[in-house]
Amino acid sequence: MKAVLITAHGGNEVVEVREAERPRRQPGEVLVRIEAGTLNQVDLYMRNSGAGITHELPLVMGLDGAGAVEEVDAEEERVSVGQQVVIYPDISCGRCEFCRRGDNVLCTRMKLLGEHIDGTFAQWISVPAQNVFPMPRHLDFLQAAAMGVNYLTAWRMVFTRAQLKPWETVLVFGVGGGVSLAAMQLARSTGARVIVTSREDDKLEKALELGAHEAINSRTQDVAKTVMALTEGRGVDVVIENVGEAVWSSALKSLVRGGRLVTCGATSGDQPPADLKRIFIRQLQIIGSTSGNLSEFADLLAYVERHGITPVIDSAYPLDEIHEALDRLEAGGRMGKVGLTFNR
């Protein structure tokens with residue numbers, strides 16, 4: 001089978017599309033013929049260094065994937081041969097205290113596809129049956145693949161961690177990014193008022209077309225002051241951010257007293273000033289979040305189908321053009337997901 005393999009670290013020349021051995025399905029697993037995948041920032045990180053992540057090379061890249069069931073145990077009831085499915089990318093141990101209480105995203109022995117073990121950028125993958133879910137019926141393979149990382153991460157941030165209510169106002173930083181765009185769509189679907197930021201006007205215009213109520217250009221406008229003007233001096237109930245240091249001060253200053261800030265990343269730096277006086281005097285909540293558990297993934301897929309939410313795809317490349325896809329992801333300026341299609 002064809003697969004995208006990291007054979008070393010340090011740049012494009014260490015990522016190869018080549019033949020690899022087709023995985024052999026084990027009892028309790030589902031063999032999926034992958035039709036599409038989408039790229040994430042961690043794919044760039046794994047290509048460039050992979051530092052701090054335990055893995056062996058060569059490694060098949062990719063966390064996101066969707067396709068059709070090729071083989072499955074006869075007694076498996078959740079999916080059947082030929083069914084269109086999307087992959088949940090976290091392989092949990094099922095035995096630690098967090099798995100036992102149903103929050104496998106906190107598993108102490110978690111292995112992620114494309115990081116610790118072979119991932120989804122291959123024509124076939126075999127994963128535990130619990131990691132395979134029927135696709136929302138209105139999505140194509142590329143759109144469904146986007147559910148695995150960005151939309152699941154946004155779901156946990158918006159609903160589980162922030163517990164956003166329909167009557168509240170939410171501020172989403174960096175709306176061009178995958179998680180932020182997903183968070184905007186999910187928050188908007190609840191009826192909440194959604195304010196977004198970006199440094200690029202075209203992204204703000206697209207976000208407004210997709211349903212955002214107000215948009216702030218963080219390059220030309222003071223975000224906190226603009227938020228206060230838009231909310232008549234009150235501030236927002238919830239901030240969703242994954243930028244970190246560059247926006248931290250503005251994020252805290254934009255919150256109403258008792259507001260919640262949920263963060264899942266630190267692309268601009270992870271050591272911002274704590275501003276502890278503001279946090280305790282205004283009784284702000286700072287909440288960390290990442291990925292989501294199996295139950296949340298099932299809830300996300302059902303919700304996306306019920307509300308007709310469709311991921312935004314920036315661009316798609318055939319598997320053989322993985323370098324061009326990675327370059328597009330790295331260059332910035334995109335709106336939505338960069339995808340791979342698996343031509344056969």
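## Briefing on a predicted model

At 14% relative accessibility, S291 falls under the 20% cut-off and therefore counts as buried. The model is predicted. S291 lies in the loop between strand 16 and helix 10, and its phi is positive, near 50°, although the residue is not a glycine.

**Backbone geometry and loop residues**

- Most residues other than glycine have a negative phi, and most peptide bonds are trans.
- Q283, which is not a glycine, also has a positive phi, of about 50°.
- Q283 is found in the loop between helix 9 (276–281) and strand 16 (285–288).
- With a relative accessible area of 61%, Q283 is over the 50% cut-off and so is exposed.
- The peptide bond that joins L57 and P58 is cis, with omega at about 0°.
- P58 is placed in the loop between helix 1 (41–48) and strand 4.
- V81 occupies the loop between strand 5 (66–72) and strand 6 (84–87).
- V81 counts as exposed because its relative accessibility is 57%.
- From C-alpha to C-alpha, V81 and V312 are 29 Å apart in space, and they are 231 residues apart in sequence.

**Strand 12 and its parallel neighbours**

- Strand 12 (residues 193–198) is mostly covered, with five of its six residues buried.
- Strand 12 pairs in the parallel sense with strand 11 (residues 169–172) over four bridges, and T169 stands opposite R193 of strand 12.
- Between strands 11 and 12 the chain passes through helix 5 (residues 178–189), in a right-handed β-α-β crossover.
- Strand 12 is also joined by four bridges to strand 13 (residues 214–217), and these two strands run parallel.
- E214 in strand 13 is the bridge partner of I195.
- A right-handed β-α-β unit is made by strand 12, helix 6 (residues 201–209) and strand 13.

- Three strands form an open sheet in the order 2-1-4, with antiparallel pairing.
- The edge strands, strand 2 (15–19) and strand 4 (59–60), each pair on one side only.
- Strand 1 (residues 2–6) and strand 2 run antiparallel and are joined by five bridges, and L5 stands opposite E16 in strand 2.

**Largest nonpolar core**

- The largest nonpolar core has 48 residues, of which M147, V196, I240, F297 and L300 touch the most other members.
- The elements that give two or more residues to this core include helix 3 (141–145), strand 11, helix 5, strand 12, helix 6, strand 14 (236–241) and helix 10 (294–307).
- Helix 4 (147–161) is also among those elements, and helix 4 gives the most to this core, with eight residues.
- In soluble globular proteins, nonpolar side chains tend to be buried together.

**Second largest pocket**

- The second largest pocket holds about 360 Å³ of space.
- This pocket is lined by 20 residues, and P23, I117, D118, I125 and S126 are the closest to its centre.
- Strand 9 (residues 124–128) supplies the largest share of the lining, five residues.
- By class, 14 of the lining residues are nonpolar, two are polar and four are charged.

Note on methods: Residues are numbered from 1 along each chain as its sequence is written. This is a predicted model: local features need pLDDT of at least 70, side-chain atom pairs count only at pLDDT 80 or more; totals for chains, interfaces and linings use all residues. Side-chain values use heavy atoms; hydrogens and water are left out. Buried means under 20% relative accessible area, exposed over 50%, partly exposed in between (1.4 Å probe, protein chains only). Two strands pair if DSSP finds at least two bridges between them. A crossover is right-handed if, with the strands pointing away from the viewer, the path from the first strand over the helix to the second runs clockwise. On a 1 Å grid over the protein atoms alone, a cavity is a set of points where a 1.4 Å probe fits but cannot get out, and a pocket is an open set with protein on both sides within 12 Å along at least five of seven lines; lining residues have an atom within 4 Å of a point. Grid points are joined across faces, edges and corners, and a volume is the space filled by probe spheres set on the points. Ala, Val, Leu, Ile, Met, Phe, Trp, Tyr, Cys and Pro count as nonpolar, Asp, Glu, Lys and Arg as charged, and the others, Gly among them, as polar. A nonpolar core is a set of buried Ala, Val, Leu, Ile, Met, Phe, Trp, Tyr and Cys residues joined through side-chain atoms within 4.5 Å.
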